[in-house]
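Please look through the structure shown here.

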Amino acid sequence: VHSENLPDAAEWRPPGRFSLARLRKTRGFWLYCAIPPLIVASTMIAATVNEATNLERRTGHYVKAVEYAYQAEDYTAAAHYYAKLKSFDYEQSPNARFIGAVLAYRSGRTDEAMQKLNDVAPTTRTGFRPAHLWRARESLASQPTPEQLPEIRHHLESALGIEEQEDWIRTNLGQVCAAQNDYPAALEHLVRVADEHPELYVLIAKIHQATGNIDSHLAALEKATQFAKKRLAQEPENTAIRIATAQLYHDQGDLKNALKVAAEGLGQDATNQELRTCVSQLLMTQFDQLRRSEGTVENQIAVLEKSV
């Protein structure tokens, strides 16, 4: 054996004997030591993640079931699936919490419902838009007092962004702003939806009149009248539409057409007391005009006789 092939004496060990010191110098020794704990930790992490994923999957199914049942107005099924969610202690979804509030409200648990609603649709900031919309609808359906209008306005403004409900939201938001005498805000919302809902031009005309904008007032009245005429052509026996159309002509100073529209209704039903009152009032207006314009006594008497 050549001496140059022998290991250094300090490193030599008899063949077959284990040397920890030598093994420590082996490349990757510490990595080998770390492998078993890493395997155990990764197994534990995988199990935890798998359990969380399964819970997420199960709760996700129940959240969807709650939403579908609620949309179908099957509140019994919605309550059942919501109870399952609560059993998982899982109500993180804003929609699930909102539906839970509605279910509590429908079950007569008002305090619980309000607590949940104040969480998802608070009165001081914007929360979950559909919950704000629901609160606004409920408040408007109960003939709100002037003191309730600021809160209703907040919920309507917070609900803006629900595209399929935008017309309804802006229509009611405009009316609420008008009731608060906030005319600029009212017009901002109303003019955006008036072409789709021409009946709003009546309110727009009143707002312009209140602010002294006569040209805009008359323009809005004209649009409202055109819409009313179309509706009246479709429903000639509708007394409310007929009287509204006559009133719009009257507001524009067109007393002749106002009387014509109202009188045509009496031609269809001479016993209709609402139309008789409308015609009588219009004739009295005509009498006042004749009196102020110094019309002949004969004309004034003729008008009075018609009114009577």
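At 0% relative accessibility, Ala194 counts as buried (buried means under 20% relative accessible area, exposed over 50%, partly exposed in between, with a 1.4 Å probe and protein chains only). Ala194 sits in the loop between H9 and H10; helices (H or I, at least four residues) and strands (E, at least two) are DSSP runs, numbered from the N terminus. Leaving aside neighbours within four places in sequence, Ala194 is in contact with Leu200, Tyr201 and Ile204, where contact means heavy atoms within 4.5 Å. Ala194 and Thr171 are 23 residues apart in sequence, and their C-alpha atoms are 8.3 Å apart in space.

This is a predicted model, in which local features need pLDDT of at least 70 and side-chain atom pairs count only at pLDDT 80 or more, while totals for chains, interfaces and linings use all residues. Residues are numbered from 1 along each chain as its sequence is written, and side-chain values use heavy atoms, with hydrogens and water left out.

The chain has 15 helices and 0 strands. Of its 308 residues, 33% count as buried. Among contacts in the chain with a separation of 6 or more, 43% come from residues 24 or more positions apart.

With neighbours within four places in sequence left out, Ile204 is in contact with Leu187, Leu190, Val191, Ala194 and Ala220. The largest nonpolar core has 28 residues, of which Leu156, Ala186, Leu190, Tyr201, Ile204 and Ile207 touch the most other members. Helices H6 (129–141), H7 (149–159), H8 (166–179), H9 (183–193), H10 (201–210) and H11 (214–234) each supply at least two residues of this core. A nonpolar core is here a set of buried Ala, Val, Leu, Ile, Met, Phe, Trp, Tyr and Cys residues joined through side-chain atoms within 4.5 Å. In soluble globular proteins, nonpolar side chains tend to be buried together.

His189 is found in helix H9 and, at 7% relative accessibility, counts as buried. Not counting residues up to four places away in sequence, His189 touches Leu160, Arg170, Leu173, Gly174 and Cys177.

Next come two helix pairs. The axes of H10 and H11 come within 8 Å and cross at roughly 165°; axes are lines fitted to C-alpha atoms, for helices over the stretch in contact, and angles run from 0 to 180 degrees between N-to-C directions. H10 and H11 are therefore roughly antiparallel to each other (angles under 35 degrees count as roughly parallel, over 145 as roughly antiparallel, 65 to 115 as roughly perpendicular and the rest as oblique). Tyr201, Val202, Ile204, Ala205, Lys206, His208 and Gln209 of H10 make the contact with Ser216, His217, Ala220, Leu221, Lys223 and Ala224 of H11. By class, this contact has 7 nonpolar, 4 polar and 2 charged residues; Ala, Val, Leu, Ile, Met, Phe, Trp, Tyr, Cys and Pro count as nonpolar, Asp, Glu, Lys and Arg as charged, and the others, Gly among them, as polar.

Helix H5 (residues 110–120) packs on H6 at an angle of about 130°, with their axes 9 Å apart. That makes H5 oblique to H6. Met114, Leu117, Asn118 and Val120 of H5 meet Ala131, Trp134 and Arg135 of H6.

Two loop residues remain. Gln143, in the loop between H6 and H7, has a positive phi of about 50° although it is not a glycine, and Gln143 is exposed, with a relative accessible area of 70%.  Asn181, in the loop between H8 and H9, has a positive phi of about 65° and is not a glycine either; at 54% relative accessibility, Asn181 counts as exposed.
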